[in-house]
Structure formats: C-alpha cells, structure tokens
Amino acid sequence: MQETAYAKINLALHVRRRREDGYHELETLFAFVDAGDVLSVEPAAQDAVLVVGEFAGGLDDPSDNLVAKALAVLPHDSGLAITLEKKLPVAAGLGGGSADAGAVFRLIRDAHGLPDDWRDRAAALGADVPACVESRTCIGRGTGTELEPADDSLAGTPVLLVNARVPLSTGPVFKAWDGTDRGPMPAGNARTIALEGRNDLEGPAIALCPPVAGVLAALRGTSPFLTRMSGSGATCFALYDDETARDQAAARIAADHPGWWQMKGKLR
C-alpha cells in the first residue's frame, strides 16, 4: 500500500487571542496540495518506521515521529512496516508531521476502519492532524481542531510552494505575535476567504526569519492571484490561474534562487 501525505497550507490564518491554557484561539482556512511525503506500507511482525528522502535528516528520532505515534494510538490487527519518504521540509508550516499522521489514519481506515473517537486521538497528536486526516479544504477554529466544512471552489488551482531551506519552529513565532486581534476571518466561499483573509503570523515570522520576506517578494513577482506564508512559516505559496503561469514561475524562481526548495501541485 502507498499513501501520499498531502502538504497542508493555510489560505488564511487569523490569530484572535491567547487562551488561558497557553494555546492561541485561531480561525483558519485549511487547504491541501496534491503532493507531499509518501508512505509505503508492508505487513510486518511488528510496527516499524523507516525514514528516507531529502529531509529525513530533519527527524532526529524516527521512532518518535508522528507516523510512529499515529500507529501507536490506532488499533490494527497486525504489524505494519512503513517507509516514509520525506519530500517536505521540516518545521516549514506545511504540517509535514501532521500530514504524515493523517496518512496513517487513512491507511488504517481503509484496512481496518477507525475507532469512533478517532478525532480525539488525532487531536491529541497535534492541532493540524484532524484536518490532515481528510486532507480536504475546511475551516478550523479553536486551536485548529474544531473543523467545519468549506466549499471546494479552489479545487484544482495550480499552486507553487517555496522555502528558502530555513527551518522555523512554531513556538517562537506564536510567542512573537503581538497579541493584537485584527478581526475575524471573512465569510464566503474559499476563494473569498483566501483573497480577503490574511496570515497574522507573517510579521512575527519575518522578524525571526527574514528570508521569508524574500520568498514572498519573489513569488509576488511571478504574477499569482494570491501569495501568502503558510502556517507559522517558513514556506510560502502562490496560487495561479493556470498551470503554465505556475510552471513559468517555478522556472524563474529556480533560475534566480537555485538553492531554494520548491514543489508544484494543485489544490485538492
């Protein structure tokens, strides 16, 4: 069996307040790219996880990553040996670990079904994991685990992900947020929310990681209809009207910034 761990992006991310439990109250529009890490699965005597690929080195302890943790919290009849090909950079705002866990949930669901409390089990692994299980456009509230359906008006939209190969941890970015509530996420369909929304963490992320500003500027120079940082950074994305425009943008950025990581795809 093989499953793609679809890259998560936040088309909008509004931070409303700091909660008493130490987390932040969020309103976000999740979307997913039709590309990401790849999980290959074989039956085994016991569960095992092997991490390979360009960004495998970013995971210090493969046995302690979210793939192993997802396996541990889900009932399954026999052991599974999972090879995780890390194509997404780590600490990049793409929900890489959460997407990997979501892919495990889908694999177990297809083979054995999921327990009734699977959403609680997913949320215990991370705030993005419940959304990553379905990997479809949706609205997240609370810490991001309270999910609402959203339309798929942006499905099929060409997208380009770019990262300057600089990791950026989530905790310091949220800590650097100035605490100002800049208003709720707009209502409407996914396209309206994306175009009229914002990412309140862009400013704090740029302050901690100035290359983010350079990535945003480079993407804006390729004439997308939307450019934004995803999550807490440092990956940024651009949406285009057609694949030709996206592919031309990717080629231009590769030529101008050959050291940057990028991934092309479409929104699911």
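A disulfide is a covalent bond between the sulfur atoms of two cysteines, and here a pair of cysteine sulfur atoms counts as one when they lie within 2.5 Å. In this predicted model, a search of the whole structure finds zero disulfides. The protein has nine helices and 10 strands.

**Cysteines**

- The sulfur of Cys 209 is 9.0 Å from the closest cysteine sulfur, that of Cys 236, and this is too far for a bond.
- Cys 236 is likewise in no disulfide, since its nearest cysteine sulfur, in Cys 209, is 9.0 Å away.
- Cys 209 is buried, because its relative accessible area is 5%, and the cut-off for burial is under 20%.
- Cys 236 is also buried, with a relative accessible area of 0%.

**Overall form**

- The protein has 268 residues and a radius of gyration of 18 Å, which agrees with the value near 18 Å for a compact globule.
- The C-alpha trace spans about 50 × 45 × 35 Å along its principal axes.
- Buried residues make up 52% of the 268 residues.
- Of the contacts between residues at least 6 apart in sequence, 75% join residues at least 24 apart.

**Helix H8**

- In helix H8 (residues 211–220), the residues Val 212, Val 215, Leu 216, Ala 218 and Leu 219 are buried.
- Seen down the axis of H8, these buried residues fall within an arc of 165°, so they line one face of the helix.
- An α-helix has 3.6 residues a turn, so residues three or four places apart point the same way.
- The buried residues of H8 pack against strand S7 (158–163), H7, strand S8 (226–229), strand S9 (236–239) and helix H9 (243–256).

**Helix H1**

- In helix H1 (residues 66–73), the residues Leu 66, Val 67, Ala 68, Ala 70 and Leu 71 are buried.
- The cover over the buried residues of H1 includes strand S2 (24–44), strand S3 (48–52), strand S4 (79–85), helix H2 (96–112) and helix H3 (118–125).
- At the start of H1, a side-chain oxygen of Asn 65 comes within 3.0 Å of the backbone nitrogen of Val 67.

**Arg 198 and Asp 200**

- Arg 198 is found in the loop between helix H6 (190–196) and helix H7 (202–208), and Asp 200 lies in the loop between H6 and H7.
- The side chains of Asp 200 and Arg 198 make a polar contact of 2.5 Å.
- The side chain of Arg 198 also has a polar contact of 3.1 Å with the side chain of His 14, and one of its polar atoms lies 2.7 Å from the backbone oxygen of Gly 183.
- Arg 198 and Leu 11 are 187 residues apart in sequence, yet their C-alpha atoms are 7.8 Å apart in space.
- Apart from neighbours within four places in sequence, the contacts of Arg 198 include Ala 12, Leu 13, Pro 184 and Arg 228.
- Asp 200 counts as buried because its relative accessibility is 8%.
- A polar atom of the side chain of Asp 200 lies 2.9 Å from the backbone nitrogen of Val 15.
- Beyond neighbours within four places in sequence, Asp 200 is in contact with residues including Leu 13, Trp 177 and Arg 182.

**Lys 8**

- Lys 8 is placed in strand S1 (residues 2–18) and counts as buried, at 3% relative accessibility.
- Leaving aside neighbours within four places in sequence, Lys 8 is in contact with residues that include Phe 30, Phe 32, Asp 128, Cys 132 and Ser 230.
- Lys 8 and Ala 218 are 210 residues apart along the chain, and their C-alpha atoms are separated by 21 Å.

**Backbone details**

- Most residues other than glycine have a negative phi, and most peptide bonds are trans.
- Ser 135 has a positive phi, near 55°; this residue is in the loop between helix H4 (129–134) and strand S5 (138–142) and counts as buried at 1% relative accessibility.
- Ser 223 has a positive phi, near 60°; this residue lies in the loop between H8 and S8 and is exposed, with a relative accessible area of 63%.
- Gly 233 and Ala 234 are joined by a cis peptide bond with omega of about 10°, and Ala 234 is found in the loop between S8 and S9.

How values were computed
Residues are numbered from 1 along each chain as its sequence is written. This is a predicted model: local features need pLDDT of at least 70, side-chain atom pairs count only at pLDDT 80 or more; totals for chains, interfaces and linings use all residues. Side-chain values use heavy atoms; hydrogens and water are left out. Helices (H or I, at least four residues) and strands (E, at least two) are DSSP runs, numbered from the N terminus. Contact means heavy atoms within 4.5 Å. A polar contact is a pair of N or O atoms within 3.5 Å; within protein, one must be able to donate a hydrogen and the other to accept it, and residues adjacent in sequence count only if both atoms are side-chain atoms. Buried means under 20% relative accessible area, exposed over 50%, partly exposed in between (1.4 Å probe, protein chains only). The radius of gyration is taken over C-alpha atoms; the globule rule is 2.2 Å times the number of residues to the power 0.38. The arc is that of the directions from the helix axis to the C-beta atoms.
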